[in-house]
Number of protein chains: 2
Amino acid sequence: MRRRHVGRPRADGSRNEGHPRDEIIAVASRLFSEHGVARTTMSEIARRSGLRQSSVYYHFKDRDQILVEIVSVANRVILEHLERVTADGGSAAERLYRLLRFDARQMCRFAFDINEIYRLGALQDERFADFWNERQELNDAVAALIAEGIADGALREVDPTLTALVLLSNDEGTQNWFRSMGEFGQVGGEHYDPEDIATFVADLALAGLLRDRDEVDHLRARALELDPRD
Amino acid sequence: MRRRHVGRPRADGSRNEGHPRDEIIAVASRLFSEHGVARTTMSEIARRSGLRQSSVYYHFKDRDQILVEIVSVANRVILEHLERVTADGGSAAERLYRLLRFDARQMCRFAFDINEIYRLGALQDERFADFWNERQELNDAVAALIAEGIADGALREVDPTLTALVLLSNDEGTQNWFRSMGEFGQVGGEHYDPEDIATFVADLALAGLLRDRDEVDHLRARALELDPRD
DNA sequence: CCGACTTTCGATGAGCGTTAGAAAGTCCCT
DNA sequence: AGGGACTTTCTAACGCTCATCGAAAGTCGG
């Protein structure tokens, strides 16, 4: 049994089923996505949540707190997929392909910009600590996958840590132009969707890493089978 | 013959040889780089330039104007290198390798963050128009290089435009973690410098694109010879 | 019905980017 | 040498932002 609307009523009379926190997160997420974090004001977030500006601070300590809440989802989605991929088994190369493709797709689809976090979050530790830890976890997992692939002879001999960093940041970089493409319509008259891009990025990465490059077709087929378009 | 200190003297008595514009650009560039664009205030820029806050507006229309001035350099440096590479001749694959490596190196070295521009500049056209046009020019050039490489049989058959976008954004993505690495010391206990990273990124890209992957060693050797560490 | 708790409000303050107009010099012409 | 034009900087002010504070308006449990 849930209490019904405890607390002072809102000025505009609106009521919110479920936690206002969630409503704020949803609204902020969309605004951050549309206008960028820097150009989104607390007033705007409050207004669209049916609240006065200062009321948002009852639910969140400050603006960055909202950000943290949103971005922590990003890493978590990919880490979850990592677990699934691990559970499914298959060769290291196959798991790597699936992870990279999923990550790139996720980046393109993600409600807003991971790159902005690097700017806003890089300095102020503490609050973003969880984010960076999970990021590190992801990076270690990819590095381990690469090391495994090298060990079993499927991949060329590269530095696993460096390669993991480069591959993950490739995915993030992809988001840059994909997002601006959305705003400007197309790039160079062509249109690409997240599926195409993600698949191509994964293809290119493994074509560069595999000893036997013909293997890529097989990996792609497996990935499309196990992680279909949703 | 140059006039000596026309205009009202500064409050703090400081004098500036050369144009204050250049001083402001230099100061802003460093601050943007250290703290990010979003967290750099006009007061801080002014203070370090020996000016009062509002005096900066005599030299620049607004904050973004300073940004535009700085970032326009980024594309231009790479476009210049493109010209040099074109003039030097060599196979399409060789020119592509050199361009990618230079771009990645440039990104790591660049005083501040290209990714932030995508966020801040994406929406407000006009002022950033030149930046985007030059970016497009670069992209077209890379796509043309790839097309040429496919035509002469050196590269696999890929979509030149899509590949160009992905490769360039890879370079940009690299900057993300390279920069945060610098702040946090190292990543995973390892240390990488821009040369290593850039060379690896170019290696990986061409290993994925070349039909004959053994060719990479040759391309790398040529690139190191023609574009030595500076 | 009353006190405790929850949620929102309105008022307020410090700090930001930006604008406007005055001020303090140099330069050039007579 | 004097004075007007020009250049560069200043001080003062405005409107907007994020954030804090204490009061207010409801529900809940006894």
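**The surface near the DNA**

Mentor: By class, the surface near DNA strand C consists of 10 nonpolar, 11 polar and 10 charged residues. Here Ala, Val, Leu, Ile, Met, Phe, Trp, Tyr, Cys and Pro count as nonpolar, Asp, Glu, Lys and Arg as charged, and the others, Gly among them, as polar. This is a predicted model, in which local features need pLDDT of at least 70 and side-chain atom pairs count only at pLDDT 80 or more, while totals for chains, interfaces and linings use all residues; side-chain values use heavy atoms, with hydrogens and water left out. Residues are numbered from 1 along each chain as its sequence is written, and chains are lettered from A and ligands numbered from 1 in the order in which they are written.

Around DNA strand C there are 31 residues, and those that come nearest are A:Ser54, A:Ser55, A:His59, B:Gln53 and B:Tyr57. A residue is near a strand if one of its heavy atoms lies within 4 Å of it. Sugar or phosphate makes up 65% of the atoms of DNA strand C within 4 Å of the protein, and bases the rest.

Some polar contacts (pairs of N or O atoms within 3.5 Å) can be named. A base oxygen of DNA strand C lies 3.3 Å from a backbone N or O atom of A:Gly7. From chain B, the side chain of B:Gln53 has an N or O atom 3.2 Å from a base oxygen of DNA strand C. Two or more residues of this surface come from each of helix H3 (56-59) of chain A and helix H2 (42-48) of chain B. Helices are DSSP runs (H or I, at least four residues), numbered from the N terminus, as are strands (E, at least two).

Now to DNA strand D. It is surrounded by 31 residues, the closest being A:Tyr57, B:Arg52, B:Ser54, B:Ser55 and B:His59. Of its atoms that come within 4 Å of the protein, 67% are in sugar and phosphate. The side chain of B:His59 places an N or O atom 2.6 Å from a phosphate oxygen of DNA strand D. B:Ala11 uses a backbone N or O atom, 2.9 Å from a phosphate oxygen. In A:Arg8, a polar backbone atom is 3.3 Å from a base nitrogen of DNA strand D. Helix H2 (42-48) of chain A and helix H3 (56-59) of chain B each supply at least two residues of this surface. Its residues divide into 10 nonpolar, 11 polar and 10 charged.

Notes. Polar contact = N/O pair within 3.5 Å; in protein donor to acceptor, adjacent residues only side chain to side chain.
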